[in-house]
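Let's take a walk through this one together. Have the sequence and the model open side by side, and follow along.

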Amino acid sequence: MHNETQHITKLILDAANRAREETSDEKEPQLTQPAEWPIECKIGQGLEGAIACETKIGYVNGKKGWLIYQGHDIFDLCAHATYEEVSYLLLHGKLPTTGELADYKRTLARYRMLPKTIRRLTSYPFESMLPMSALRLGTNLMRQAWTSLDKEDARPDTETAISTDEDTVPSDVESTGTALPLVSDVPRDPKNSLRSEQGASLDACCHLVAGVGAITASISRLRNDRLPIEPDPDLGHAANLLYMMTGRRPSPEEERVMDVALILHADHGMNASTFAAMVVASTLADFYFSVGAGIGALSGPLHGGANEEVLKMLKEIGSEDRVPDWFAKARAQKRKIMGFGHRVYKAYDPRARILGPLAAYLAEKTPSAQPLLRTAKALENQVVGTLGEEKKIFPNVDFYSGLVYHCLGIPPEMFTPIFAVSRVAGWTARVREYVQSNRIFRPRAVYTGDFHKKYVPISDR
Ligand code: COA
C-alpha cells in the first residue's frame with residue numbers, strides 16, 4: 001500500500017473503533033450453525049426472515065452493524081486489502097498468497113480485454129439506453145463471445161486494441177465457433193461433476209468480475225461520445241476502472257478510495273440482486289444469465305439505484321439550512337428518504353461509517369461537493385435524531401457513496417453500474433457456492449382471488 005494513502009487507512013481504522021465501541025453491548029450472532037432442514041422460521045412479507053440456504057461467503061449482523069466476508073471483518077479488509085484480494089477471497093474462500101494473487105491479477109487483466117464484445121456494444125444506441133440496461137446487454141454479449149469459442153479474442157493484443165480508429169474496427173461480428181460447455185458452470189449431472197467444470201465455472205466468474213468493469217467503463221465513455229479505451233495491464237482493478245472511464249490514470253489516493261468503495265459493495269448477504277442471481281442459477285442457467293438477473297434487480301431505486309437518487313435529493317434540498325423544512329414535508333408526505341433505512345441493519349451501516357469520512361475527506365478538495373456534504377450531514381443529523389430513535393433508521397451504504405463517486409469525477413448515471421462492478425464478485429461467488437448443492441427456488445404465494453368466475457365471451461364484456 002502506498003504511503004500517500006495511509007491517512008485513508010487511518011480514517012477506516014478510526015471508523016472501525018467507533019463501530020466496535022457503539023455495538024459491543026449487542027448479543028452475539030445467532031443462526032451461524034449448519035441448518036437442519038426443514039427450518040422453522042418466521043417469515044414476513046418480501047420473504048423477510050426466510051432462510052434460503054447455507055453459506056460461508058458472507059454474513060451481515062444488522063444489530064451489531066457487522067459485515068463479514070468469508071470470516072474477515074469489512075473494516076480490516078477495507079483498511080488493508082485490494083478489490084482483487086477481496087474478490088479472490090469471496091470466490092476461493094481464502095485470501096490469496098503472493099503467487100495466487102499475481103496469477104489472479106493476470107487472469108483479470110486478460111479478461112478485462114473484450115475487444116469483440118465492446119465493438120458489438122458500440123453498435124447499440126447508447127444515448128437512448130439506461131447504463132444498467134447497456135450493462136445487462138454487455139454481459140449478454142460477453143456470454144455470446146464466451147460460448148462461441150471466442151475466448152482468444154479476450155486476450156490482450158495491442159494489434160486489435162479497441163482504442164483504434166473506428167474505421168479500422170472489423171465488422172466480423174458473427175460468431176463462428178462451436179458452443180462450448182464452459183458456461184455450464186453448474187454440473188448438469190450432479191453425479192458426474194468434473195473438476196474441469198469446476199475450473200470452467202471459476203473461469204466464467206473471473207471473466208465476469210473483470211468484464212463487468214471493462215463494460216461499465218466503456219458505457220461511460222460511449223455515453224459521452226468517446227470511444228472506449230483499452231485497459232492498462234499495469235493497473236489494478238480499481239485504477240483501471242477509473243482510467244478506462246476518464247482516460248486519466250488516477251492518483252494513488254483516488255485509486256485507494258475506489259478500491260475501498262469496490263470492497264464495500266462486493267457482497268451483502270441475501271440482498272435482492274444476489275437472490276435474483278441465485279434464483280436464475282438454481283434453474284441451472286449459467287453465470288451470465290444469473291449476473292444479468294442481478295443487474296436487473298440492482299437497477300431499481302430501492303436497491304442499487306438509491307445512491308443516484310441521494311445525489312438528486314441533496315441537490316433538491318439545496319442547502320443545509322433548508323433541511324428541517326424539507327424533512328418535515330417529506331415526513332408529512334410519508335416519503336422514503338433515499339440512502340436511509342435497511343431491511344437488515346437496525347444499527348449504523350458499517351459501509352456508511354467508512355464512506356461518510358471518505359466523502360468528507362474527498363470533499364475538502366472538491367469545492368462542488370462541499371455544499372452537498374454539508375446538506376448530507378444536516379440531513380443525517382435530522383433523520384438519525386428522529387427516525388433513528390423511533391425506527392432504527394440510519395444512513396445506509398448509498399447515502400455517502402454517491403458523494404464519494406461525485407468527488408472522483410464519476411457522473412451520477414454511472415453510480416449503479418459501478419455498484420454492479422463490485423457486486424459481481426458476490427453474485428458469482430454465491431451462485432457458485434449455491435449450485436454445488438443446488439435446489440431450484442420455489443416459494444409459494446397466498447392466493448386471495450376468486451375461484452368460480454364464469455368465462456364471459458369477449459363480445460359480451
Ligand atoms: N425513510 C423514511 N422512512 C423509512 C425509510 C426511509 N428511507 N426506510 C424505512 N422507513 C420506514 C417505513 O416507512 C416503515 O415505517 P412504518 O413502520 O411506520 O410503516 C418502516 O421504516 C419500515 O420500513 P420498510 O419499508 O418496511 O423497510 P424495508 O425493510 O421493507 O425496506 C428499504 C428497506 C431499504 C427498501 C427502505 O428502507 C428504503 O426504501 N430506503 C430508501 C431506499 C434506499 O436507500 N435503498 C438502499 C438500500 S441499501
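A search of the whole structure turns up 17 salt bridges, each a side-chain nitrogen of Lys or Arg within 4 Å of a carboxyl oxygen of Asp or Glu. Before going further, a word on ground rules: this is a predicted model, where local features need pLDDT of at least 70 and side-chain atom pairs count only at pLDDT 80 or more, while totals for chains, interfaces and linings use all residues. Residues are numbered from 1 along each chain as its sequence is written, and side-chain values use heavy atoms, with hydrogens and water left out.

One of those salt bridges pairs lysine 10 with aspartate 14, with 3.0 Å between the closest N and O atoms. Both residues sit in helix 1 (residues 6–23), four residues apart, or about one turn of the helix. Helices here are DSSP runs of H or I with at least four residues, strands are E runs of at least two, and numbering starts at the N terminus.

Next, look at the loop between helix 1 and strand 1 (58–61), where you'll find proline 38. The peptide bond joining tryptophan 37 to proline 38 is cis, with omega about -5°. Glutamine 70 is in the loop between strand 2 (66–69) and strand 3 (72–73).

Now for the ligand. It is surrounded by 17 residues, and the closest are Ile337, Gly339, Phe340, Arg343 and Lys391; to count, a residue needs a heavy atom within 4 Å. By class, this shell has seven nonpolar, five polar and five charged residues. Ala, Val, Leu, Ile, Met, Phe, Trp, Tyr, Cys and Pro count as nonpolar, Asp, Glu, Lys and Arg as charged, and the others, Gly among them, as polar.

Which polar atoms lie by the ligand's oxygens? A polar side-chain atom of lysine 336 lies 2.9 Å from a ligand oxygen, and a polar backbone atom of glycine 339 is 2.8 Å from one. An N or O atom in the side chain of asparagine 396 is also 2.9 Å from an oxygen atom of the ligand. Polar contacts like these are pairs of N or O atoms within 3.5 Å. Taken alone, the ligand exposes 850 Å², and the protein buries 66% of that, going by Shrake-Rupley areas with a 1.4 Å probe.

Conventions: Polar contact = N/O pair within 3.5 Å; in protein donor to acceptor, adjacent residues only side chain to side chain.
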